[in-house]
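Thanks for passing this one along. Here are my notes, written as numbered points so that you can follow them with the structure open.

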Amino acid sequence: MPPEKDWRAPPAEAGDDALQYSDIAIGYLSRNVRYRSDYRRALGRVKRGTISADNATANLVQRWGISYHAAPGSAFDRKLAVARPDLSPASIVLAPALAGIGAQPLDMRALGDVRARIRMGDFLHIILADPDGDEHLCMCGPCHGPMAVMLPIGPNPFARLASVERLCRRLNGMAAGPPAWRPPPFRRLHLVTLLQVLDGHQAGATQRELAASLIHRRVRRYSAAEWVESKERKRVRRWLAEAVELRDGGYLRLLRGG
């Protein structure tokens, strides 16, 4: 994992104005011990040449729903995290168009800066760099002929439509604009705070230390009895339970915007 730092300092995610739900989801998963072990093993296999970085990433994504790219030179790079397209409505799925619907080939030059191309099974996952929030394209099958967007019939299709609208704006020479699929300010602050709770818990901080640092320093002056009955103790206990649940599987809801 990235170098350890004082848990009292805001997590790296806190300084990213373009933070999306997928960025927060990988933040929780990256604090999962079993995932970290899997990811390190994948990096080791890639270094030894027994598997490609793309195939190792595909295996991780299939198991965990989202993963950092397993390229040793860019390990733990949140900007290179990819999610399963069926889990993330922020992913735009493109496929060869049926004949007779008037579709055109995709102009790759109009996509702008490409952060990465990652081949995962039948999908070519393309990450488009954007200061307002990266876009993720999942291209299925040959991509040299006319292409069409696939909109799966399922819950909340409007999220995928919002992602497609950003792509259409880009292809027409317009600014893509900010992603619709990112947390509002209050939700973002709460989720980032819970990441800090996890970091403190992992570093061995007590619940009282967490409360003093993340809620109010007056907690340090509480007597033992006052602390036991305090609202700060109850809040930290709720935070810790929520943070652990997100780390151990609840992050998948975040991928869906939950």
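The points below go from the overall layout to the sheet, then to the aromatic residues, the salt bridges and a surface patch.

1. A word on the overall layout first. Please keep in mind that this is a predicted model. The protein chain has eight helices and seven strands. Its C-alpha atoms fill a box of roughly 75 × 40 × 30 Å along the principal axes. Of the 258 residues, 47% count as buried.

2. Next, the open sheet. Five strands make it up, in the order β4-β5-β6-β3-β7, and the pairing is mixed. The edges are held by β4 and β7 (147–150); each has a single partner strand, so one side of each lacks a neighbour in the sheet. On average, neighbouring strands here are turned by 25° against each other, direction ignored.

3. Is strand β5 enclosed or open to the outside? Five of the six residues of β5 (residues 123–128) are buried, so the strand is largely enclosed by the rest of the structure. On one side, β5 runs antiparallel to β4 (residues 114–120), with six bridges joining the two; valine 114 has leucine 128 of β5 as its bridge partner. β5 is also joined by six bridges to β6 (residues 135–140), again antiparallel, and there isoleucine 127 is partnered with histidine 136.

4. The two hairpins are worth a look at their glycines. Two residues lie between the strands in the hairpin of β4 and β5, where glycine 121 takes a positive phi near 65°. In the hairpin of β5 and β6, with six residues between the strands, glycine 133 has a positive phi near 140°.

5. Now to the aromatic residues. The whole structure contains five aromatic pairs. One of them is stacked: tyrosine 35 and tyrosine 39, at 5.8 Å centre to centre and 20° between the planes. Both tyrosines belong to helix α2 (residues 33–48) and sit four residues apart, about one turn of the helix. Tyrosine 35 counts as buried because its relative accessibility is 0%, and tyrosine 39 is buried too, with a relative accessible area of 0%.

6. An edge-to-face pair is formed by tyrosine 68 and phenylalanine 76, with 5.8 Å centre to centre and 80° between the planes. Tyrosine 68 and phenylalanine 76 are both buried. Together with Tyr35, Tyr39 and Trp64, these two residues form one aromatic cluster.

7. On to charges. The count comes to 13 salt bridges. In one of them, arginine 63 meets aspartate 38 at 2.5 Å, N to O. This pair links distant parts of the chain, with arginine 63 in helix α3 (residues 53–64) and aspartate 38 in helix α2, 25 residues apart.

8. The closest N and O atoms of arginine 115 and aspartate 134 are 2.6 Å apart. Arginine 115 is in strand β4 and aspartate 134 in the loop between β5 and β6, so the pair connects parts that are 19 residues apart in sequence. Arginine 115 is partly exposed, at 35% relative accessibility, while aspartate 134 is buried, with a relative accessible area of 7%.

9. Which residue does arginine 166 meet in a salt bridge? The partner is aspartate 130, at 3.6 Å, N to O. Arginine 166 lies in helix α4 and aspartate 130 in the loop between β5 and β6, so this pair ties together parts 36 residues apart in sequence. Arginine 166 is buried, with a relative accessible area of 6%, and aspartate 130 counts as buried at 12% relative accessibility. Both belong to a network of salt bridges that links Asp130, Glu135, Arg166 and Arg170.

10. Leu151, Phe158 and Leu161 make a nonpolar surface patch of about 310 Å². Leucine 161 has its place in helix α4 (residues 157–171). With 41% relative accessibility, leucine 161 counts as partly exposed.

Note on methods
Residues are numbered from 1 along each chain as its sequence is written. This is a predicted model: local features need pLDDT of at least 70, side-chain atom pairs count only at pLDDT 80 or more; totals for chains, interfaces and linings use all residues. Side-chain values use heavy atoms; hydrogens and water are left out. Patches are made of residues with over 30% relative accessible area and no salt bridge: like charges are joined within 9 Å, nonpolar side chains (Val, Leu, Ile, Met, Phe, Trp, Tyr) within 5 Å. Accessible areas come from the Shrake-Rupley method with a 1.4 Å probe; for residues, only the protein chains shown count as cover. A salt bridge is a side-chain nitrogen of Lys or Arg within 4 Å of a carboxyl oxygen of Asp or Glu. Buried means under 20% relative accessible area, exposed over 50%, partly exposed in between (1.4 Å probe, protein chains only). Two strands pair if DSSP finds at least two bridges between them. Rings of Phe, Tyr and Trp (its six-membered ring) pair if their centres lie within 6.5 Å; planes under 30 degrees apart count as stacked, over 60 as edge-to-face and the rest as tilted. Axes are lines fitted to C-alpha atoms, for helices over the stretch in contact, and angles run from 0 to 180 degrees between N-to-C directions.
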